[in-house]
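Subject: Structure for you to look at

Hello,

Here is the structure I said I would pass on. Please open it first, and then read the notes below with it on screen.

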Amino acid sequence: MIDNIYRNMDLKNVTVGIYLDLQKAFDTVDHGILLHKLYVYGIRGITLDWFRDYLRNRQQFVTLTDISSDMGNITCGVPQGSVLGPLLFLLYINDIQNCTYDFSIKLFADDTNVFVHGKSLDEVKANNSLALLSKWFTVNKISLSVDKTS
């Protein structure tokens, strides 16, 4: 990321950094979309079936002072606290870089950093970049945490 910024500074370009935080990122992973992406990445057959079984029929409940809720089915999200949770999330968002070639994206877990460069601030197309990202977020059922985005 820093090398990219320095390289653009050497070219006398302006860099605009947009720091996005994904809202409840691990909890909002759509199982159907995730399984489709795994298939596209080449995970098929028994291995894909294993991931499908791993995600299917998960349940949860809440207990507060000796009172428990009913069991609820989990239809989205990756198991947190597991080794596979972060890996599955990264596979889920890995294709975000394909939504455009006009900017560079750096990912770290649920933090997404976008860098847009141009000869001047007028030339930097940050709004276009955000519009393309917004479409990707909508299609992939992910929301931004507006309070943590800058």
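I105 stands opposite V114 in strand 7. Helices (H or I, at least four residues) and strands (E, at least two) are DSSP runs, numbered from the N terminus. Before going further, note that this is a predicted model: local features need pLDDT of at least 70, side-chain atom pairs count only at pLDDT 80 or more, and totals for chains, interfaces and linings use all residues. Residues are numbered from 1 along each chain as its sequence is written, and side-chain values use heavy atoms, with hydrogens and water left out.

V114 also has I18 standing opposite. Strand 7 covers residues 111-118 and pairs with strand 6 in the antiparallel sense over five bridges; two strands pair if DSSP finds at least two bridges between them. Strand 1 and strand 7 are likewise paired in the antiparallel sense, over eight bridges.

Which order do the strands take in the sheet? The sheet is open, with four strands in the order 6-7-1-8 and antiparallel pairing. Strand 6 (104-108) and strand 8 (143-144) are the edge strands, each pairing on one side only. Helix 1 (residues 2-10) packs on this sheet, where it touches strand 1 (14-23), strand 6 and strand 7 (touching, or contact, means heavy atoms within 4.5 Å). The direction of helix 1 makes about 10° with that of strand 7; axes are lines fitted to C-alpha atoms, for helices over the stretch in contact, and angles run from 0 to 180 degrees between N-to-C directions. Helix 5 (residues 126-139) lies across strand 1, strand 6, strand 7 and strand 8, at about 20° to strand 1.

Strand 6 and strand 7 form a hairpin with two residues between them. In the turn, A109 has a positive phi of about 55°.

**T112**

T112 is in strand 7, and L107 stands opposite T112. Is T112 buried or exposed? T112 counts as buried because its relative accessibility is 0%. The cut-offs are under 20% relative accessible area for buried, over 50% for exposed, and partly exposed in between (1.4 Å probe, protein chains only). Leaving aside neighbours within four places in sequence, the contacts of T112 include I18, Y19, I96 and L107. Six of the eight residues of strand 7 are buried, so strand 7 is largely enclosed by the rest of the structure.

**The core and the helices**

The largest nonpolar core has 31 residues. Such a core is a set of buried Ala, Val, Leu, Ile, Met, Phe, Trp, Tyr and Cys residues joined through side-chain atoms within 4.5 Å. The residues with the most contacts inside this core are L34, L88, F89, V114, L133 and F137. Two or more residues come from each of strand 1, helix 2 (31-40), helix 3 (45-55), helix 4 (84-93), strand 7 and helix 5. Helix 4 gives the most, with five residues.

L88 touches L34, L38, F51, Y54, L55 and V78, not counting residues up to four places away in sequence.

The axes of helix 2 and helix 3 come within 10 Å and cross at roughly 165°. That makes helix 2 roughly antiparallel to helix 3 (the term is used for angles over 145 degrees). Among the residues making the contact are L34 and L38 of helix 2 and F51 and L55 of helix 3.

L84, in helix 4, is buried, with a relative accessible area of 18%. L84 is in contact with W50, F51 and Y54, again leaving aside neighbours within four places in sequence. L84 and F51 are 33 residues apart in sequence and 9.9 Å apart in space, C-alpha to C-alpha.

Regards

Note on methods
Parallel < 35°, antiparallel > 145°, perpendicular 65-115°, else oblique.
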